[in-house]
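Please read it beside the sequence and the structure shown here.

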Amino acid sequence: MSEIIEVTPKKRVLSCIQPTGIPTLGNYLGALKNWKNMQDEFECIYAVADLHAITVRQEPAALRKNIYSMFALLLALGIDPEKSIMFIQSHVPEHAQLSWLLSCYTQFGELSRMTQFKDKSAKHADNVNAGLFTYPVLMAADILLYKPDFVPVGADQKQHLEIARDIACRFNGIYGDVFTVPEAYIPKIGARVMSLQDPTKKMSKSDENLNSFVGMLDSRDDIIRKFKRAVTDSEACVRLSEDKPGVSNLIGIYSAVTGKTAEEVEREFDGKGYGEFKLAVGEAVADALNPIKEKYDSVISDKAYLEQLYKTGAENAERIARKTYFKAMKKVGYVL
Ligand code: TRP
């Protein structure tokens with residue numbers, strides 16, 4: 001007699017990343033590292049959000065290069081195109097199309113309340129374009145097209161996920177069940193990595209002080225040098241404490257890359273100086289990033305390989321996106 005095997009379909013996860021330069025160690029430990037791990041548990045869809053990138057002015061050659069490098073970096077991170085769908089947002093026209101539809105179900109008032117819009121329009125006062133304002137609607141389209149169960153988001157994108165959920169509920173309320181209302185996915189492990197030069201600030205690639213952040217593709221020497229220069233304190237004791245933000249940040253980074261707990265790290269460096277500790281953190285980070293860098297270097301120059309992957313990825317993504325888009329159009333009353 002044959003056994004009956006019950007197959008529970010995997011839950012679906014969707015996330016996107018903007019192609020605006022090489023992400024930092026903070027982006028890696030806080031979010032991207034999970035993108036690889038989630039592939040075992042979930043059906044994953046990942047996209048390079050290139051349409052979002054032009055809400056701030058981009059130099060065409062740089063944008064093109066950044067799109068390629070972000071796509072290659074996803075591969076380097078261990079996203080497996082056999083397991084997950086990975087594509088470039090602008091290759092699937094339904095994103096822009098659904099965005100228009102959804103914008104008519106989004107209120108001016110709710111977009112005005114987005115803190116990222118307020119921050120960015122203050123920062124780029126000379127270019128407060130309509131795209132910057134409607135950016136959360138495009139993000140809602142990215143999400144809702146694929147009916148994901150979960151969307152992994154950092155603190156800065158929570159409000160945008162919330163508005164995507166509101167738009168979905170509003171639309172479903174009028175037309176019936178069209179969109180899935182996704183949940184935020186908060187990873188079990190995730191580290192908030194602070195600047196190496198000012199550990200009260202988040203690590204950021206736009207920081208003027210180049211020693212304050214580690215890029216995911218930095219050389220081993222650069223990584224170690226930056227950790228050696230990391231700001232600590234004068235106590236000379238490797239101990240997790242709120243009043244020791246520099247050392248606590250390094251402990252957090254070290255435990256994130258080695259898998260050791262904070263207590264284990266404290267014990268390991270008990271009685272040892274900061275010099276030794278900082279070197280160990282730098283080496284551990286370099287070891288963790290090295291395989292990613294190697295894989296990146298091996299794929300980035302292979303344009304034909306990348307092209308074949310992003311084309312297939314877009315076809316697979318569009319197969320899903322088209323269905324949702326047409327369903328929404330039909331419900332609204334369009335002639336299909
Ligand atoms: N706005 C996100 C960011 O800047 C990127 C993004 C675009 C995204 N579309 C998305 C994230 C859909 C999650 C889901 O980080």
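The points below are grouped by topic, after a note on the model.

This is a predicted model, in which local features need pLDDT of at least 70, side-chain atom pairs count only at pLDDT 80 or more, and totals for chains, interfaces and linings use all residues. Residues are numbered from 1 along each chain as its sequence is written, and side-chain values use heavy atoms, with hydrogens and water left out. Helices (H or I, at least four residues) and strands (E, at least two) are DSSP runs, numbered from the N terminus.

**Ligand site**

- The residues around the ligand are Leu14, Ser15, Cys16, Gln18, Ala49, His52, Tyr135, Met139, Asp142, Ile143, Val151 and Gln157; a residue belongs here if one of its heavy atoms lies within 4 Å of the molecule.
- The largest share of this shell, 4 residues, comes from α7, and β1 (12–17) and α7 each supply at least two of its residues.
- By class, the shell has 7 nonpolar, 4 polar and 1 charged residues. Ala, Val, Leu, Ile, Met, Phe, Trp, Tyr, Cys and Pro count as nonpolar, Asp, Glu, Lys and Arg as charged, and the others, Gly among them, as polar.
- Polar contacts are pairs of N or O atoms within 3.5 Å; within protein, one must be able to donate a hydrogen and the other to accept it, and residues adjacent in sequence count only if both atoms are side-chain atoms.
- For glutamine 18, a polar side-chain atom lies 3.1 Å from an oxygen atom of the ligand.
- Nitrogen atoms of the ligand lie 2.7 Å from a polar side-chain atom of tyrosine 135 and 2.6 Å from one of aspartate 142.
- The protein buries 88% of the 360 Å² that the ligand exposes when taken alone. Accessible areas come from the Shrake-Rupley method with a 1.4 Å probe; for residues, only the protein chains shown count as cover.

**Second largest pocket**

- About 220 Å³ of space lies in the second largest pocket. The volume is the space filled by probe spheres set on grid points, which are joined across faces, edges and corners.
- On a 1 Å grid over the protein atoms alone, with a 1.4 Å probe, a pocket is an open set of points with protein on both sides within 12 Å along at least five of seven lines; lining residues have an atom within 4 Å of a point.
- Of the 13 lining residues, Leu51, Ser99, Gly131, Thr134 and Leu138 lie nearest the centre of the pocket.
- α2 (50–53), α4 (94–103) and α7 (130–144) each supply at least two lining residues.
- The lining divides into 6 nonpolar, 7 polar and no charged residues.

**Single residues**

- Most residues other than glycine have a negative phi.
- Lysine 147, in the loop between α7 and β4, has a positive phi of about 45° although it is not a glycine. Lysine 147 counts as partly exposed because its relative accessibility is 31%, with buried meaning under 20% relative accessible area, exposed over 50% and partly exposed in between (1.4 Å probe, protein chains only).
- Alanine 236 also lies in a loop, between α9 (220–228) and α10 (245–258), and has a positive phi of about 55°. At 48% relative accessibility, alanine 236 is partly exposed.
- Glycine 154, in the loop between β4 (150–152) and α8 (158–175), is partly exposed at 34%. Its C-alpha atom is 7.4 Å from that of alanine 31, 123 residues apart along the chain.
- Isoleucine 251 sits in helix α10 and is buried, at 1% relative accessibility.
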